[in-house]
Amino acid sequence: MKHYAGYIKFKNVSSKTVGLIMTAPPLITHSEEYDAPRTIPGRDGSAFDTDTYRGDAVIKCSFALAAAETESDYETKIRAIYQWISGTGNLVISDSEDAHYEVSRAKIVTDSRVILNLGTIEVEFTCYPYKFLDSGDAGITSFPITNSAMKCKPLYKITGSGSGTLTVNGRTMTYTVDGTLYIDTRRFIAYDDSNNNKNNAINGDYAGLYLKTGSNSISATVGTLTVYPKWGYTV
């Protein structure tokens, strides 16, 4: 069987630079989709919103660690790897270098030493359930926008002064801007350049501002609008 010669990058560090050899393709456990039930007073049973939400995705990667001939060399490397595989950051897999996953937790699941200078390691990444295309981080100022990926939750930036209306595919959100206003439809929050909460400066449904697959009409009546689409694929 042909050896899988891939690699990962986590927090901008490549597995190749820390002495890890990927021994199998990454195993991705996709996120589960859940309905959003709600209770209506006086009515039996539950009602279900049309929108849904997703749990985490889990990516497992298997590696071999080969050190120099001394026992201490192996221990030095494994300590560095434990320090690296921790916390949060972006994960890139070599077969798709134009995209990344957002990791909320990273941990080493198994660490098995075969001989003094050779061992196997299994790493588990808990990720936001979306594979982000890097191109989705670029700002767009010309509309309409064509989304060639799946439904995405963009970040809107409005620069200017006054009160206006943001319209996306016929759905609206009113806003008041004094300088710069960011509307983050993924995190359901609005803020300014100093990260001050500006939820009181907007009125409308964040979910109504999502971008569908295909053409999306977008406009803002006051200020200059930039859209960071954050497009990609559900995992």
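Student: Does Glu124 count as buried or exposed?

Tutor: Relative accessible area decides the term: buried means under 20%, exposed over 50%, and partly exposed in between, with a 1.4 Å probe and protein chains only. Glu124 has 12% relative accessibility and therefore counts as buried. Before we continue, note that this is a predicted model, in which local features need pLDDT of at least 70 and side-chain atom pairs count only at pLDDT 80 or more, whereas totals for chains, interfaces and linings use all residues. Residues are numbered from 1 along each chain as its sequence is written, and side-chain values use heavy atoms, with hydrogens and water left out.

Student: In which strand is Glu124 found, and which residues does Glu124 touch?

Tutor: Helices (H or I, at least four residues) and strands (E, at least two) are DSSP runs, numbered from the N terminus. Glu124 belongs to strand β10, residues 118–127. Contact means heavy atoms within 4.5 Å. Setting aside residues up to four places away in sequence, Glu124 touches Val58, Ile59, Lys60, Arg105, Ala106, Lys107 and Val109.

Student: Where is Tyr82 found, and what does Tyr82 touch?

Tutor: Tyr82 sits in helix α1, residues 71–84. Tyr82 counts as partly exposed because its relative accessibility is 40%. Not counting residues up to four places away in sequence, Tyr82 touches Ile108 and Asp111.

Student: How many disulfides does the structure hold?

Tutor: A disulfide is a pair of cysteine sulfur atoms within 2.5 Å. The structure holds zero disulfides. For Cys61, the closest cysteine sulfur is that of Cys127, 8.9 Å away, which is too far for a bond. Cys61 is buried, with a relative accessible area of 1%, and Cys152 counts as buried at 0% relative accessibility.

Student: Which backbone oxygen lies 2.7 Å from a polar atom of the side chain of Thr185?

Tutor: A polar contact is a pair of N or O atoms within 3.5 Å; within protein, one must be able to donate a hydrogen and the other to accept it, and residues adjacent in sequence count only if both atoms are side-chain atoms. For Thr185, the backbone oxygen is that of Pro154. Thr185 lies in the loop between β14 (171–184) and β15 (189–191), and counts as buried at 0% relative accessibility. Leaving aside neighbours within four places in sequence, Thr185 is in contact with residues including Tyr156, Tyr206 and Tyr210.

Student: How many aromatic pairs are there?

Tutor: Rings of Phe, Tyr and Trp (its six-membered ring) pair if their centres lie within 6.5 Å; planes under 30 degrees apart count as stacked, over 60 as edge-to-face and the rest as tilted. The count comes to six aromatic pairs. Among them, Tyr128 and Phe132 are stacked, at 5.8 Å centre to centre and 20 degrees between the planes. Tyr128 is partly exposed at 23%, whereas Phe132 is buried at 6%. Tyr182 and Tyr191 also form a stacked pair, at 5.1 Å and 15 degrees. Phe10, Trp84 and Phe125 form one aromatic cluster.

Student: Which residue lies over the face of Tyr128?

Tutor: A charge sits over a ring if NZ of Lys or CZ of Arg is within 6 Å of the ring centre and within 35 degrees of the ring normal. Arg186 lies over the face of Tyr128, at 3.8 Å from the ring centre. Lys16 lies over the face of Tyr7, at 4.2 Å.
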